[in-house]
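The sequence and the model come first, followed by the description.

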Amino acid sequence: MSVRTIRVVFMEAAHADPQDPGTLPEGVAGLRAQLLALALDVTDRDRVTALRELADLTNTISAVQARLISDLDASQRAADDVADIPEDRRRGVVGRVASALRESPRNAQIAIGVAKALVTEMPHTFAALTQGTLTWYRARLLVSETACLSLPDRRTVDRQVCGDPAGLEGVGSRKLAARARKAGYELDPVSAVRRAAKAEADRYVSLRPAPDCMTWLTVLLPVAQGVACYAALKAAAASGVATGDGRGIGQLMADTLVTRVTGQATADAVPVGLHLVMSATALMSGDCEPGRIVGHGPVPAALARRLVTTAPAVASWVKRLYEAPAGLVATESRSRCFPEGLAELITIRDDTCATPWCDAPIRHIDHITPWADDGPTALTSGQGLCAQCNLEKQDRLVQPQVVDDLDGPNRGQPRAPAQAQIRCAPAA
Ligand SMILES: [Zn+2]
């Protein structure tokens, strides 16, 4: 069976009789098995052809997923209507979609929004995705670029940009998004201004781990302010180069950013507060077991030791937390709220939200068994959750359940007990 044949069969399976719930999952599983059974020992010509077919197939699969997500959402809304559940008490399908896609609730929420827009409001874009000529990423860009338009205007842009699939060939993602944006500006200049105002309100700064113990500090700014910041850093770096500083333009711009934001004289003299989790043997005996900086991730043992030993020299403080090989330090409180120290220990232990697939930072410490059900306030019975997951969990506890068997596994469940084996040491 050729890859093209698989794609055709897959599309037919996607439109299988909805009255037979066993057909679609079984058909998809069968197609996957057939794909994995294909002989890969072929000519280079066939390899290239198969790559294109697989790329198209991936897009088709995204379209089928979008259709399933959209239908699931509509079906659940209809069930909520029948059960007469008020709008603010509805559970939605975020948890189920997140669990099925192995994604965070935040990403699932985005996928649901994009799927509904594609299936119900953008038929040409959806058709291009189904035919394989448009990727999920590019379809998502078009949904995003038309999000502020009225439904009739969105449909017009959809037709103008994706009405002719041949017109999508060879068009880069940036150019494609620009086409949709330009068409939207022409149809509704007012919404463009409204969108800009909303985007400005959403400005933020974020920090993400980068390879080799580096980190990405990202700032989303209005365009004029962003350009001004970049120009200022570049000018400062240029004057450094002119005085024979010895550092490159990129290094000078980065160092200038650090010194100006922190007010320190030099970039590497910045006082830092770090939670460093490492084994005692890695600290004392030169063991190679990597340490972990909370909020960043693993760091090589040697770097962790250097952070500890050089901390006073760079006016830093490093709170060292030793992982215990066995035995758990139990901490308990009679209070309903987790005391500051216990909350900090749980945050350090869990690092990110305890919901499966969710990587979001911890914002709340939650009783795994609710306080109202005699859940204790203790290290082993607390978990860190992001704001959205905590809200969802609270909603689940008070809402009536419409369909039981669709829940994803382990929603809101604590992590493996092994990760709770941490002992605190005095700060350096
Ligand atoms: Zn979460």
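## Basis and overall make-up

Helices (H or I, at least four residues) and strands (E, at least two) are taken as DSSP runs and numbered from the N terminus. The model is a predicted one, in which local features need pLDDT of at least 70 and side-chain atom pairs count only at pLDDT 80 or more, while totals for chains, interfaces and linings use all residues. Residue numbers start from 1 along each chain, following its sequence as written.

The chain's secondary structure consists of 16 helices and eleven strands. A residue is called buried if 20 or more other C-beta atoms lie within 10 Å of its own, exposed if 12 or fewer, and partly exposed in between, with C-beta atoms placed from the backbone. Buried residues make up 23% of the 428 in the chain. Two residues are in contact if their C-beta atoms, placed from the backbone, lie within 7 Å. Of the contacts in the chain with a separation of 6 or more, 61% join residues 24 or more positions apart.

Helix α6 covers residues 123-131, and its buried residues are T125, F126, A128, L129 and T130. Among the elements that cover these buried residues are α3 (44-82), α5 (105-121), α7 (136-145) and α8 (151-162). Just after α6 comes G132, with a positive phi of about 95 degrees.

## The packing of α5 and α7

The axes of α5 and α7 are 10 Å apart, and the two helices pack at an angle of about 85 degrees. Axes here are lines fitted to C-alpha atoms, for helices over the stretch in contact, and angles run from 0 to 180 degrees between N-to-C directions. Angles under 35 degrees count as roughly parallel, over 145 as roughly antiparallel, 65 to 115 as roughly perpendicular and the rest as oblique. α5 and α7 are therefore roughly perpendicular to each other. On the α5 side the contact involves V114, A117 and L118, and on the α7 side A139, R140 and V143.

## Nonpolar cores

A nonpolar core is a set of buried Ala, Val, Leu, Ile, Met, Phe, Trp, Tyr and Cys residues joined through C-beta atoms within 7 Å. The largest such core has 30 residues, of which V97, I112 and L118 touch the most other members. Two or more residues each come from α3, α4 (94-101), α5, α6, α7, α8 and α9 (173-187). The greatest share is that of α5, with seven residues.

Neighbours within four places in sequence aside, V97 is in contact with I69, A108, A111 and I112. Another core lies apart from the largest one; it has 14 residues, including V277, I293, L307 and L345.

## Strands β8 and β10

Strands count as paired if DSSP finds at least two bridges between them. β8 (residues 364-367) pairs with β10 in the antiparallel sense over four bridges, and H364 stands opposite L385 in β10. Strand β10 spans residues 382-385; G382 and G384 point one way from it, Q383 and L385 point the other way, and all are buried.

C213, a residue other than glycine, has a positive phi near 60 degrees. C213 sits in the loop between β1 (204-210) and β2 (214-220). C213 is partly exposed, with 15 other C-beta atoms within 10 Å.

D374, also not a glycine, has a positive phi near 70 degrees. D374 belongs to the loop between β8 and β9 (377-378). With 8 other C-beta atoms within 10 Å, D374 is exposed.
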